[in-house]
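Here is a short briefing on nonpolar cores and aromatic rings. Keep the structure open as you read.

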Amino acid sequence: MALPPRPIAPQPDAALAYFYNPLIFPPEEKVLAVFGGGREVWAFNVPTQEWFLDMPIWGDDPIGEGGSLKFGGFMTVFGQPVTRFYLIKGGGSKDFMAYNRLYGGMRVRVPFPYWEFLRPFYISEDSAFYAGADLAMWPSVPYLTLSPYGIYAMRGGGKDFGFYFIPGNWWDRRHNILGDGAFLGGALVSHDTWGDLLPEGPNNEENEEDFCILHCFRGEDEDGQPTKEFDCYDYPDLWNADHNDPIYYVSSGSDLAYGAYWGLPNDSTCGIWASFGNYCNRIGFYGAWRPLQGGSQSLFSAAEKRLLVSPNPAKGKVTFQLPAPYLNASLRIYTENGEVVRILPLENGRGIWDLSASDGKLVPPGVYFYTARTGAAEISGKLVISK
């Protein structure tokens with residue numbers, strides 16, 4: 001489905017934050033966004049598929065490289081229930097801010113500021129945020145939980161990595177990022193623990209229910225070259241070096257997102273989705289359900305799932321083939337406009353399309369797209385029908 005364009009000019013950098021508020025009726029489901037060069041928060045209303053200006057941002061600095069916007073859960077300020085968001089502007093700005101958003105995005109007089117300037121990231125000589133900066137809530141915040149009590153942050157442009165304690169409004173230095181640090185394309189994500197990734201130790205035995213860990217893309221290196229580094233930080237231990245094996249290079253435009261909100265921590269849907277940036281047009285998935293030797297996990301690309309499509313381009317029948325363990329799936333074929341023309345079952349991982357639509361008529365030549373739902377992930381691609 002193609003989303004309507006936002007009503008502002010395209011910008012070179014952006015950050016998104018999804019949230020769902022079931023505490024009001026009807027429930028509020030939106031995606032808040034900030035765009036590079038801008039000084040506003042925009043909102044995309046999921047039910048109505050419309051963009052609108054949500055709130056101007058305080059301060060003189062615009063959003064730049066390394067800007068990050070995160071949903072921080074629900075809380076009450078002066079008796080007023082709000083959804084809380086945290087923002088860093090990037091681009092060399094020192095602004096670290098909280099946005100207290102009234103339910104439904106109302107704008108009324110309240111006895112507190114919509115925006116709060118929080119304590120700057122002061123754990124190093126340069127407290128500004130640069131390309132590669134990112135935030136991650138601690139514990140991770142699904143849309144139905146209350147507020148986290150801390151935020152992990154990497155500054156970008158170096159190794160600095162710290163923890164912000166929300167109730168006390170103070171920063172604490174944590175272990176530096178491995179290697180040269182996080183640069184352009186850096187991304188940070190927190191998530192629930194799963195399987196044997198839970199660190200051992202007496203500090204964890206009593207708090208397993210509240211435990212989560214982080215994963216990080218470092219992005220490009222200090223010389224601007226893309227890397228393949230994918231690191232894990234499992235507090236109170238140090239960074240792990242045994243996850244540095246993604247299939248593709250990580251560069252500008254990469255990002256990480258946790259997908260376990262749709263299942264239980266040990267469910268096959270639990271994992272991290274990854275975009276690798278400018279050097280790759282694939283989406284990766286990392287999860288506990290795909291163990292390797294020693295019980296560790298590996299980040300892999302959608303290409304590694306190898307949904308074989310033959311022939312492509314095609315004139316006649318097209319065969320779709322999934323390898324084990326993806327034995328059964330449902331495959332949708334749709335046009336460039338997002339119109340579904342055929343739903344094809346892949347029994348035992350195999351399906352044959354005779355180029356007919358749901359009404360039995362042959363589809364015209366052109367570019368089509370397909371998405372196979374495996375139960376753990378989606379595998380998508382492009383198919384060309386020639387004359």
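Predicted model: local features only at pLDDT ≥ 70, side-chain atom pairs only at ≥ 80, totals over all residues.

Beyond its neighbours within four places in sequence, Tyr86 is in contact with Ser68, Leu69, Lys70, Gly72, Phe96, Met97, Ala98, Leu118, Leu135, Met137, Ile151 and Ile166.

**Nonpolar cores**
- The largest nonpolar core has 42 residues. Tyr86, Phe96 and Trp115 touch the most other members.
- Several strands give two or more residues to this core, among them S1 (14-21), S5 (68-77), S6 (80-88) and S7 (96-102).
- A second, separate core has 22 residues, including Ala329, Leu344, Tyr368 and Leu383.

**Aromatic pairs**
- The structure holds 30 aromatic pairs.
- Take Phe19 and Phe71: their ring centres are 5.9 Å apart and their planes meet at 35°, so this pair is tilted.
- Phe19 lies in strand S1 and Phe71 in strand S5, 52 residues apart, so the pair links distant parts of the chain.
- Phe19 is buried, at 0% relative accessible area. Phe71 also counts as buried, at 8%.
- Phe74 and Tyr103 have ring centres 6.5 Å apart and planes at 85°, so they pair edge-to-face.
- Phe74 sits in strand S5, while Tyr103 sits in the loop between S7 and strand S8 (115-117), 29 residues apart.
- Phe74 is buried at 6% relative accessible area, and Tyr103 is buried at 14%.
- Ring pairs join Phe19, Phe71, Phe74, Phe85, Tyr99, Tyr103 and Trp115 into a cluster.

**A charge over a ring**
- The charged end of Lys228 sits over the ring of Tyr249, 4.9 Å from the ring centre.

Definitions and conventions. Residues numbered from 1 in each chain as written. Heavy atoms only, no water. Core = buried A, V, L, I, M, F, W, Y, C linked by side-chain atoms within 4.5 Å. Buried < 20%, exposed > 50% of the residue type's maximum accessible area, 1.4 Å probe, protein only. Helix = DSSP H or I, 4+ residues; strand = E, 2+ residues; numbered from the N terminus. Contact = heavy atoms within 4.5 Å. Phe/Tyr/Trp six-rings, centres within 6.5 Å; stacked < 30°, edge-to-face > 60°. Lys NZ or Arg CZ within 6 Å of the ring centre and 35° of its normal.
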